[in-house]
Amino acid sequence: MSVSERIAIERGEKLGENVGYKVRLEGIDEDFLLTVMKELLPCRPELKLVLMSATINAEIFSSYFDGAPVIQIPGATHPVRTYFLENILESTGYRLTVDNQIDDYGQAWKLNKQTPNRRKSQIASAVEEALRSADYGEYSQQTQDSLLCWNPDCINFNLIEYLLCNLCENEKPGGILVFMTGWDDIISLKEKLQAHSVLGDPNRVLLLTCHGSMSSSEQRLIFEKVDSGLRKIVLATNIAETSITIDDLVFVIDCGKAKEASYDALNNTPCLLPSWISKVSAKQRRGRSGHVQPGECYHLYPRCVYDAFADYQLPKILRTPLQSLCLQIKSLKLGSISGFLSRALQAPESLAVQNAIEYLKLIGALDENENLTILGGYLAMLPMEPKHGKMLVMGAILNCLDPILTIVAGLSVRDPFLAPLEIKELAEAAKAQFSHGFSDHLALVRAYNGWKIAEKKRVGYKYCWKNFLSPQTMKAIDSLRREFKSVLKSICLADNKASSCNTYGYDENLVRAVICSGLYPGVCSVVHRYNSLSLKTMEDGKVFLHSKSVNARDSKIPYPWLVFDKKVKVNSVYLQDSTAVSDSMLLLFGGSISICDAEGHMKMLGGYLEFFMEPAVAIMYQTIKQELDELFQSKLMNPKMNLQAHHKLLSAIQLLLSGDQCSGRFVFNHQVIHSNSIPSTASPPLLLPPAPLVSGSESGPGGDNSKSQLQTLLARAGSPCNNKKQAEKDAASKALDRLLGGNNVTRETIDSISKLMKNNKNHN
């Protein structure tokens, strides 16, 4: 439920009439602005800065702003009776043993988290030390024995079930809020409770869930009053710590952990791991039961563990990658990136800063001296992550903007595909109709295109209901598309003519290539061994696909590579939002290519990606990529440049992309996989009817490709023949035959390629 909806309900008004609220700054934006304000205030004494929060460390902020005064405003909450684990065990007589702290539902959680030789966080070490020195002498021997058996690495589903049952049968009426670590644990606990004779009885208990990925309509259920005699139980993540007030809530059960985003700078990997919460978060959870009436809170950990918690959560600048922030620092001319960030309230570690700088260099946003490039200047003007901005820029230049707008907008909001727990199989079946093509991004485009058609027929809501899509998210995507298009117009990368921006929007291969250009260097190799499939990235080694990915459903992916939007370390590293791409897409639209000593051997990403091919084919790729890069630079320097004269290069690229059979034949020892999947016709197609391959009247990207370069490329292939032109065609036939997977290349194909590229330089 949005903040505006909640405020409107509490004021008794219709949404949109009178409701207004302040925008809350969070995360890196907050840290960045505080640093800017710190340096600005001495120069602008007339400015007054007021910082307000219920959870910040006021002393640190006061010191950072040279002893700024602090005003404490006491909260107006009802009293909450607090119980820690030792109190719960003593009062209920519940006995902990080695075997009853986890059951079949939570076993996977336990095994996955107990990875050997894991690096312990400072808080985890403090908790272990607190447990070793704890004294429970004032409690009964049974309680002491139970506490000695307590496993801090487990979420005790059995204890939660016992406590819930005890509250339902013996305590006063009122709702119960249970804080869990994440959606997986919520699902597991809900399944366990539904099998219980009391907690699973719908006439006695209303069992609800609260998670950020739920639809607004589902979230509204937790606020509704229940009938007399019915007990409401809400299983939630830390989303319920703030901004949510459930009027009939009386009891809170706190597991003491949350999945917290962090950043492993050493492995350059974002993480989402269950970790102990801070004291402030524990206080927030406790306060949920005392907002409208006296309440009770049950912490499922000892008091000594609470005392070992950190007072406050780490700021987001210390827990997330810094690429966007570094780009803004250079855009605003705030000096060196590392110098500016060293003056932040809590400066990030130098390795995290260096990783961000190297990433921006890799995608072409910064030069070797850490100055903004032309591309970097454009990316800084786009309100999104740099990789998504680059994808938009490439889509605009290559005239396939419409599907790219949808993809970038979709990556900027929560997943529109809903998966209600009770009918998960039906939801997955509905999503599958959009999912052919081994791409989460193209599945989103198909779903959106179908929704737009339905909206024009005024059946958009019915379409969403039938296909398990969030109508709010689809409208948000539609709104963001318009916003992003407007920004592109303002920087002259798009115009008001829809056709000129989307001439090649029908070309799925080109769209995949643009996705690749934006998500690079997020590349994962696909390796098939007999009946198994293995995925590997450069930094992490073996990785896995997120369960929501359309690619996770396939045991075989007939492509050599996946590009992905995000990777998150939970217990293992999982890839989110992936698209399968071919060698040609990666070579032409990825990063820079290094030519090795051996002919036909090329490398990318410092040698992590290697390609082996005939020398003539290697030179062809290198030449076309160079011309493509030059065209991009020219277009960015002169956004109004007419690309009509350059359409031939794109036609050649289209032929290369469509001709690559995606078998990974340039990858050493790659096993060719043939897919039996048949594209579904149930969903609207992504592509429009294809236009002619070459049309002099069409506006499209192209390149400065000379006849002499073509002749050099073909001559390198080497074919003894007295007739020079015939030798060139024979060499091209051999190269293309290898490129196109061994299919017999006809003389007509060679003639077509030659005509496309011949005299292009003189023509331009």
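This report describes the confidence, nonpolar cores and cavities of a predicted protein model.

## Confidence of the model

The protein chain has a mean pLDDT of 81, and 81% of its residues reach 70 or more. Residues 103–119 fall below 50 in pLDDT, and this stretch has 28 contacts in the model beyond near neighbours in sequence.

## Nonpolar cores

In soluble globular proteins, nonpolar side chains tend to be buried together. The largest nonpolar core of this model comprises 108 residues. Within this core, the residues that touch the most other members are Leu-322, Leu-341, Ile-404 and Phe-589.

Another core, of 47 residues, lies apart from the largest one. Its members include Leu-96, Val-127, Leu-193 and Trp-276.

## Cavities

Rolling a probe the size of a water molecule over the atoms shows where empty space is left. Five cavities of 30 Å³ or more are present in the structure. The second largest cavity holds about 110 Å³ of space.

The lining of the second largest cavity is formed by 13 residues. Those nearest its centre are Cys-154, Ile-155, Asn-156, Cys-255 and Leu-300. By class, the lining of this second largest cavity consists of 10 nonpolar residues, two polar residues and one charged residue.

Note on methods
Residues numbered from 1 in each chain as written. Predicted model: local features only at pLDDT ≥ 70, side-chain atom pairs only at ≥ 80, totals over all residues. Heavy atoms only, no water. pLDDT = per-residue confidence, 0-100. Contact = heavy atoms within 4.5 Å. Core = buried A, V, L, I, M, F, W, Y, C linked by side-chain atoms within 4.5 Å. Buried < 20%, exposed > 50% of the residue type's maximum accessible area, 1.4 Å probe, protein only. 1 Å grid on protein atoms, 1.4 Å probe; cavity = no way out; pocket = protein on both sides within 12 Å on 5 of 7 lines; lining within 4 Å. Points joined across faces, edges and corners; volume = space filled by probe spheres on them. Nonpolar A, V, L, I, M, F, W, Y, C, P; charged D, E, K, R; others polar.
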